[in-house]
Amino acid sequence: MTCSLCFSFSLCLLKAFNLRFASICRRNLRGVSALLRYFGRVSNLCGGDAFQDAQIVEWLEYAPVLSVGSAFENACKHLDEYLGSRTFLVDHSFSIADIAIWTGLAGAGLRWESLRKSKKYVNLTRWYSSILAEHGDALNQVTGAYVGKKGSAKSKENTASQQSKGVNGDVVKAGTNRGTFEVDLPEAEVGKVKLRFAPEPSGYLHIGHSKAALLNQYFAQRYQGQVIVRFDDTNPAKESNEFVDNLLKDIETLGIKYETVTYTSDYFPELMEMAEKLINEGKAYVDDTPREEMQKERMDGIESKCRNHSKEENLKLWEQMIAGSERGRQCCVRGKLDMQDPNKSLRDPVYYRCNPMPHHRIGSKYKVYPTYDFACPFVDSIEGITHALRSSEYHDRNAQYYRIQDDMGLRRVHLYEFSRLNMVYTLLSKRKLLWFVQNEKVNGWDDPRFPTVQGIVRRGLKVEALIQFILEQGASKNLNLMEWDKLWTINKKIIDPVCPRHTAVIEEGRVLLTLSNGPEKPFVRIIPRHKKYEGAGEKATTFTRSIWIDRADAELISVDEEVTLMDWGNAIVKKIEKDQDGNLALTGVLHLEGSVKTTKLKLTWLPEIDELVKLSLMEFDYLITKKKLEEGEDFLDVLNPCTEKETAALGDSNMRNLKRGDVLQLERKGYFRCDVPYLRPSKPIVLFAIPDGRQQAGLK
């Protein structure tokens, strides 16, 4: 945090609480802590004695932890426990410590809001809400003026007040980093903003949709407005109730809070009336030109032979379409816009098509269905949407959207563009993803190789990591091809401080190390599952004379070499034997007084006991071998022939207690998510490898 921002924050606090701040302008105070203590002193928000002063300083120094992504939830847990029987952080009165911590939480944005609404931290939420209720006006000024600047890039002082308009008509402060959400919706009024997240129920929610969903929620919260979920269900050939149910599940997973759920199909009667109205007004016509010929005419700017048919003839054919007759199925309704417009989306787009297929919600009631281009501007306006967020791939169709609303005589809705989220080695087209499902190249829409929310969560991604990753992309319009490594790196920072540690040995070629001076009888010690996080609990480790180690480790050991057996101590390998089949056997002696600092090899090991559990370790790779497909390139030409690898292993007996969804670290092997827990000795526990953000070679 720069000194200028710290200074601005302190001034903002002084103004917010109606205090004089002229004296600070004549002095040079540096550092967040000094500025906040100054504010506390002049506003009588410091402690009543030296001990309380010290406590406040302690909290001021702790507050920056809330801006560290990997430490955020642990900090919330600590605060929740501390506030269990307290109204304020220090003594029995409101202080600068409360302001510093409250503002840190507010500055975390969606991350804190999702935790707050989850009611996971009851005491912390109670404290936060009580501070907000008592000092809301002043603190909202603080968060509006200060927290919003946290993502700002450095800028010259003389440009701080300059503003410019972006391609959306949004106001952008000069010098700000466009990689943050700190942009304004055009003509947005606090308390009056209404947005919609409108997925088509033709697949599961994927990482690209997640950006749109979270953006809608961000702006709704920022402007104290609301967001609704609307299913754009206008194509019965692709849609199903399965997709509706799972999209709602995914939206809940992301923590999206919506007012209500609506369906475009709710408005089918009104949409048909509007189509007929436009036909009567000469703003639409029925066309029976074959589809391929129509597409060519649109590209070449050639008017259809049907464009100037009479109103009566158009209405007659419209009735045939509604009836789903053979003649009607040859026709479509097109808007009469401008066939010579350079923007091809305005060259008489299709409004309605005939389709006899039953609809997943309303059965066979209709034989005609509106296109997205026709239905979206109508329903947006009718439902009172103030701002419709669309990815920049729709940019050329913005003029079409407004023209259709004008022809319908409806209120215009503000369009706001954001860049589509594209990931390397990843297909986000639902049509292409459906191909993998239908051709059994994956095991369903929640396959861990899929970019769906369910797929990446099943692979071991924490939702907090996905939210943080998308928030860091912000509302930028810049088209970026993002690396998965960055997302998995964020995820590692969240799971590593808290996930329990376990031990596994690869089953194939495993090597028995016999310790001649090892324990005559096995004994058990209770040790932490995570040495730095008590919340991970404890595990029972059995110590035996003979232990299993990985073949790869055994091949690195030399005779008389001293090694460290993790969670036990040092041992010296005295003999290495290899039989005619290449199997290794090692003999050694414990040397527990040896220093772990002097050994080169730190080995994971398992006791030779019957209680070990079978494991199936699953690794996954990208579905395609090319970072980005070029336009016109067929994804079938770049399919990855090897996208998963299974390795049999043995695990410590404590892993019997794992539940589906648990995340753990197998020491020296990486992070894993339990997909199939322990059921019986003959059936292995299935663990999915979680990428940690490091570049990895393809599977072999």
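Predicted model: local features only at pLDDT ≥ 70, side-chain atom pairs only at ≥ 80, totals over all residues.
Contact here means that heavy atoms lie within 4.5 Å of each other. In the strand set, strand 25 (residues 613-620) is joined to strand 26 by eight bridges and to strand 29 by four bridges. In the core, F469 is among the residues that touch the most other members.

- Strand 25, which spans residues 613-620, is mostly covered, since six of its eight residues are buried.
- Strand 25 and strand 26 (residues 644-651) run antiparallel and are joined by eight bridges, and within this pairing S616 has A648 of strand 26 as its bridge partner.
- Strand 25 also runs parallel to strand 29 (residues 685-690), with four bridges joining the two; here L617 has L687 as its bridge partner in strand 29, while S616 stands opposite V686 of that strand.

**Helix 18 and the largest nonpolar core**

- Helix 18 (residues 463-473) is mostly covered, with eight of its 11 residues buried; the buried residues are V463, A465, L466, I467, Q468, F469, I470 and Q473.
- The largest nonpolar core has 51 residues, of which L195, I207, F219, F469 and W484 touch the most other members, and helix 9 (residues 207-222) gives the most to this core, with eight residues.
- F469 of helix 18 is one of the buried residues of that helix, and, leaving aside neighbours within four places in sequence, F469 is in contact with I207, L421, M423, M482, E483, K486, L487 and I490.

**D341, a buried charge in a loop**

- D341 is placed in the loop between strand 7 (332-335) and strand 8 (350-354).
- D341 is buried yet has no salt bridge, because a salt bridge needs a side-chain nitrogen of Lys or Arg within 4 Å of a carboxyl oxygen, and the nearest side chain of opposite charge, that of R347, is 6.4 Å away.
- The side chain of D341 does reach the backbone nitrogen of N343, at 2.8 Å, and, not counting residues up to four places away in sequence, D341 touches L346 and R347.

**T598, an exposed loop residue**

- T598 is found in the loop between strand 22 (584-590) and strand 23 (602-603).
- T598 has a relative accessible area of 61%, which means that T598 counts as exposed, the cut-off for that term being over 50%.
- The side chain of T598 reaches the backbone oxygen of S595 at 2.9 Å, and the C-alpha atoms of T598 and V563, which are 35 residues apart along the chain, are separated by 8.8 Å.

Methods. Residues numbered from 1 in each chain as written. Heavy atoms only, no water. Buried < 20%, exposed > 50% of the residue type's maximum accessible area, 1.4 Å probe, protein only. Pairing = 2+ DSSP bridges. Lys, Arg positive; Asp, Glu negative; His and termini not counted. Polar contact = N/O pair within 3.5 Å; in protein donor to acceptor, adjacent residues only side chain to side chain. Core = buried A, V, L, I, M, F, W, Y, C linked by side-chain atoms within 4.5 Å.
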